[in-house]
Amino acid sequence: MQNLSRKAFQTRAVHAGERTPPADYTPVSTPIWPSVGYLYESMNDTDAVFEGTKSGYVYPRYASPTVSAFEQALASLEGAEAVQAYATGMAAIHAALLAGGARAGATVVAALDVYGATFSLLRGLLGTLEVKVRWVDATDLPAVEAAIHESHPALLMVETISNPLLKVADIPTLAKLAHANGAVLLVDNTFASPYLYTPTADGADYVIHSATKYLAGHGDVMAGVVATSTENKQRLYEINKLLGATLGPFEAWLSLRGLKTLPLRLHQQCQNAQRVADWLEKHPRIVRVNYPGLSAHRQHELAASLFGGRGFGGMLSFEIAQADKAKVFHFMEALELCLPATTLGDVYSLVLHPASSSHRSLTPAERARVGIPDGLVRLSAGIEDVNDILADLEQALSA
Ligand SMILES: Cc1ncc(COP(=O)(O)O)c(C=O)c1O
């Protein structure tokens, strides 16, 4: 730090206290590093950092220390070589699609029941850029194989547990199918989280999360990540230097803090979701419950083997008998504990009406094709006492 004692008041106001020499202590938790600029001993050092021959940071749109700490933590949890963080889950999906080969003339084979904005990104924005999409039921393996053989895709994109129908994808088999035909596999692992499942271990090339959900977990930050190989990370890094969908240091810090309680939260959320699903399945006002932990679920055995006995996730959806949009809204307004907020994976229990929110951008015909009726409600189990959640659902269903 330069000697400021003889400088003017205005100059000291700007520079005093800044750029103190590195300390000889280590803070226990990672600090928030908001600086937009970084200084080195010499311009040659700065040049070497730009070149990548010396480690360091040059500009936070490229990378920054708090974000790197979060990326390292998540790479460890996902068992991946590297992670690139983003400002949102959608930015992560968009970047992974581009890095994986989505460009004019290329085909993406995608699960029909992906998150609504992912559906719109593929069908809408990327469609206008002449990326072709072939929709499949990702749980119908012969149909996926036929689609791959017919369309020679650059990418196959699925969700481990789909939003909002809770179908479970056979990632090990899908990875083999994709690779045998020269395609890369992109998996949105948001609903499962690395606590339940790490798709890279089974061959997925790009694993995406809306970190806004379980990873951060407290409903107070937006973030996205792609877990992948070191080689793919380099592609993502170069793309993001231009896209600029970079995670901020404050959000990275909150996300890193969220990771520490991921196993505790998920353990409770899985238990609560299982109890709620068991209870709803027997409820006279409910016609259908989608939850991989139910023995009636079509991929129950697959989910049990993929998730290694840790549970079946905190998400479920259910259909209220003879309910139209107005009746579902009435039910959601009657809830007192479960909050009707447009997100999931938080410590709070949350409900959502997919037809008017997460899948609103689909036309009614598209929703019918995907299998999202107006009576469908999605529930994200929080970490509250499950008896309070059940009592709330009971009183609202009676209302
Ligand atoms: C499964 C899934 N993937 C991706 C996203 C997009 O994430 P974000 O809202 O952080 O952009 C969402 C958002 O709800 C989601 O549910």
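**Ligand site and sheet**

1. A polar side-chain atom of N163 lies 3.0 Å from an oxygen atom of the ligand, a polar contact being a pair of N or O atoms within 3.5 Å. For K213, too, a polar side-chain atom is placed 3.0 Å from a ligand oxygen atom. M90 contributes through its backbone, with an N or O atom 2.8 Å from an oxygen atom of the ligand.

2. The model is predicted: local features need pLDDT of at least 70 and side-chain atom pairs count only at pLDDT 80 or more, while totals for chains, interfaces and linings use all residues. Residues are numbered from 1 along each chain as its sequence is written, and side-chain values use heavy atoms, leaving out hydrogens and water.

3. Around the ligand there are 15 residues, of which G89, M90, D188, S210 and T212 come nearest; a residue is counted if one of its heavy atoms lies within 4 Å. Helix α4 (residues 89-100) gives the most to this shell, namely three residues. Helices are DSSP runs of H or I with at least four residues, and strands are runs of E with at least two.

4. Elsewhere, four strands form an open sheet in the order β8-β9-β11-β10, with antiparallel pairing; two strands pair if DSSP finds at least two bridges between them. The edge strands, each pairing on one side only, are β8 (286-290) and β10 (350-352).

5. Three antiparallel bridges join β10 to strand β11 (residues 376-380). Within β11, R378 stands opposite L352.

Notes
A polar contact is a pair of N or O atoms within 3.5 Å; within protein, one must be able to donate a hydrogen and the other to accept it, and residues adjacent in sequence count only if both atoms are side-chain atoms.
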